[in-house]
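I opened this entry to record what I looked up, strand by strand and then inside the fold. The structure comes first, my notes after.

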Amino acid sequence: MSEQNLDNRRYVIAGVAIAIVVIYIIRLFTLQLLSEDYKKNADSNAFLKKIEFPARGNITDRNGKLMVYNQPSYDIMVVMNEQKDRLDTMEFCQAVGITKEEFVRRMDNIKDRSKNPGYSKFTQQLFMSQLSDKDFSVFQEKMVRFPGFYKQRRTIRQYQYPNAAHVLGDVGEVSTADIEEDDYYQPGDYIGKLGVEKSYEKQLRGEKGIQILLRDAHGRIQGRYKDGAYDRKPVAGKDLTLSIDIDLQALGERLLEGKIGAMVAIEPSTGEILAMVSSPSYDPRLMVGKQRGKNHLELSRDPWKPLLNRSIMGQYPPGSTFKTSQALTFLTEGIINTQTAFPCNRGFNFKRLHVGCHGHGSPISLIPAIGTSCNGYFCWGLYYMIGNAKKYGTVQHAMNTWRDYMVSMGFGYKLGVDLPGEKRGLIPNAEFYDKAYTNGWNGLTIISISIGQGEVNLTPLQIANLGATIANRGYYYVPHVVKKVSGEPLDTLYTRKHRTMASREAYEYVVQGMRQAVLGGTCKHLNRGDIAICGKTGTAQNRGQDHSVFMGFAPMDNPRIAIAVYVENGGFGAQNAVPMAGLMIEQYLNGKLSAGAEQRASAFQHKRINYGKANR
């Protein structure tokens, strides 16, 4: 073999040796300096990192009444690496009140990485949560007998009132998706699931603290690492002051007992929601503690859907309350003026098309048309707007102009309330009808939208906001249920004015029409000497019994409350929605109900509407 070949072999062997050494060095570097897994395991043998949970922020109503607070509870944690074969499983199960089968299932779930992706046998894992003082005391007496098990103190939510469940929401254990979305959470943590508990989670939850304890070679705690130099104290969550008036809220829930529907009351000058009622509802205290899962399952299976917040998720035809928005549009666009009169011979009649109306004088002008809720008047207004080729050129341009007015009033899109799950409703545009009527369409084709029927759908929140906008004569603030977050300003979304496309003058005429409705029209049962109420009824057509609707505000000047009431299958607006709204207005403006009003409220509380299986 030549000397050159021997040299080449030496170089190859040397190169291989060097490569192996480099690989080992890189691997050692990775394991010791870069790998979090090995670092965690090494640290866990020497340290016990004990999480200290912050107190969640309290929640009060607008008048300072405590609605949600905290009470102490305990979790039982386990470190799998410290588990000993000598654990008396039966004694442990008796101490915590579970069966041996439940014990095995819980241990298996902890070690299942598909259910517990952050699992490590060296760190504390949640075994059992939310034990009360009483339940935990039995376990604590014997805890020294159960190696590897630790206590973790935290708090559990408590609700002062059986009201406002849809507004408050609840707190539940984090899901895998929650953990993946925000590394603040680990298995066993709690997070807001619904209501303000969810939408203000980051403010309410606070910041976790940590206590680092030093362990010896046998795993025994030797004290705090470096006298707590690296410990971090928890920071309590921020308190919330709601805009809700709990007394008004409770009255609204009483009035809607045994009925399906919603109420929303707003302070026009701020957009603060004074009451948000959805019926059927539930007691928020059902969603606390170890029974939360069972109760939530039962509520979710209830055919009457008590978990559904109909105030922001229900999408309904607004009925005649919508006529106020039509009057504002037609006046501002110059389609009508206050003297314009249209015929109404028990309805709108054009060729073979008939839209019915109740009996009243004819022809009729704008203000009495609002007061008597004349269908014919607003059908004629829409017909002349959509068909005004001289002004708009095409029906599409006219339709989209109409749509723009509606959107500016807060319809067709989410308003942006600070609660999860808000729906947008529906306001059709020209493209919508071009697709629906490929052979062409005109004002007669879509005439029913002028009286809040047809394709138009609004949420009760949007109807209440219409009342607030009219009360303000042309602007609104985005409705919101949180009045104040301690230590930080309110989001500017809720402090900016939103002006509509309608003129101030148009609003003044609509206010006169709504006042006339109370003085001698469809809302005359609200006429009283001490409060100048403005209102508009609605009777929304339905496959079964019509829906009963009301929208209004009070007082007429310097309004303090705007309100919408929607009772499914409640009949005429004056039948249910109007008197309920009157009681709510009296409660808020006077601070209480008169003796006679209390009797009427009690009667409504016990009044039931027969919905039948088909309407669930």
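I began with the burial of E19, and found 8 of its 8 residues buried, so I note the strand as mostly covered. The model is a predicted one, and I read every value below with that in mind.

Next I asked which residues cover each face of E19. On one side I listed His-547, Val-549, Met-551 and Phe-553, all buried.

I then looked up the pairing. I checked individual bridges: Ser-548 has Val-567 of E20 as its partner, and Phe-550 has Val-565 of E20.

On the E18 side I again read 7 bridges to E19, also antiparallel. One of the bridge pairs sets Cys-534 against Phe-553 in E19.

I stopped at the hairpin of E19 and E20. It has 6 residues between the strands. Within this hairpin, Asn-558 takes a positive phi near 50 degrees.

Where does E19 sit in the strand order? I traced an open sheet of 5 strands, E12-E11-E20-E19-E18, with antiparallel pairing. E12 (272-279) and E18 (534-540) stand at the edges. Each has a single partner strand, so one side of each is left without a neighbour in the sheet. I noted an average twist of 5 degrees from one strand to the next. As a reminder to myself, strands of a sheet pair through backbone hydrogen bonds, either parallel or antiparallel.

**The cavity**

How many cavities of 30 Å³ or more does the structure hold? I found 1. About 320 Å³ of space lies in this largest cavity. I counted 22 lining residues, and the closest to the centre are Arg-56, Arg-154, Thr-155, Val-171 and Tyr-190. Strand E5 (149-159) and helix H9 (201-205) are the elements that give two or more residues to the lining. E5 supplies the largest share, 5 residues.

I also sorted the lining by class. It has 10 nonpolar, 4 polar and 8 charged residues.

Technical notes: Residues are numbered from 1 along each chain as its sequence is written. This is a predicted model: local features need pLDDT of at least 70, side-chain atom pairs count only at pLDDT 80 or more; totals for chains, interfaces and linings use all residues. Side-chain values use heavy atoms; hydrogens and water are left out. Two strands pair if DSSP finds at least two bridges between them. Helices (H or I, at least four residues) and strands (E, at least two) are DSSP runs, numbered from the N terminus. Axes are lines fitted to C-alpha atoms, for helices over the stretch in contact, and angles run from 0 to 180 degrees between N-to-C directions. On a 1 Å grid over the protein atoms alone, a cavity is a set of points where a 1.4 Å probe fits but cannot get out, and a pocket is an open set with protein on both sides within 12 Å along at least five of seven lines; lining residues have an atom within 4 Å of a point. Grid points are joined across faces, edges and corners, and a volume is the space filled by probe spheres set on the points. Ala, Val, Leu, Ile, Met, Phe, Trp, Tyr, Cys and Pro count as nonpolar, Asp, Glu, Lys and Arg as charged, and the others, Gly among them, as polar. Buried means under 20% relative accessible area, exposed over 50%, partly exposed in between (1.4 Å probe, protein chains only).
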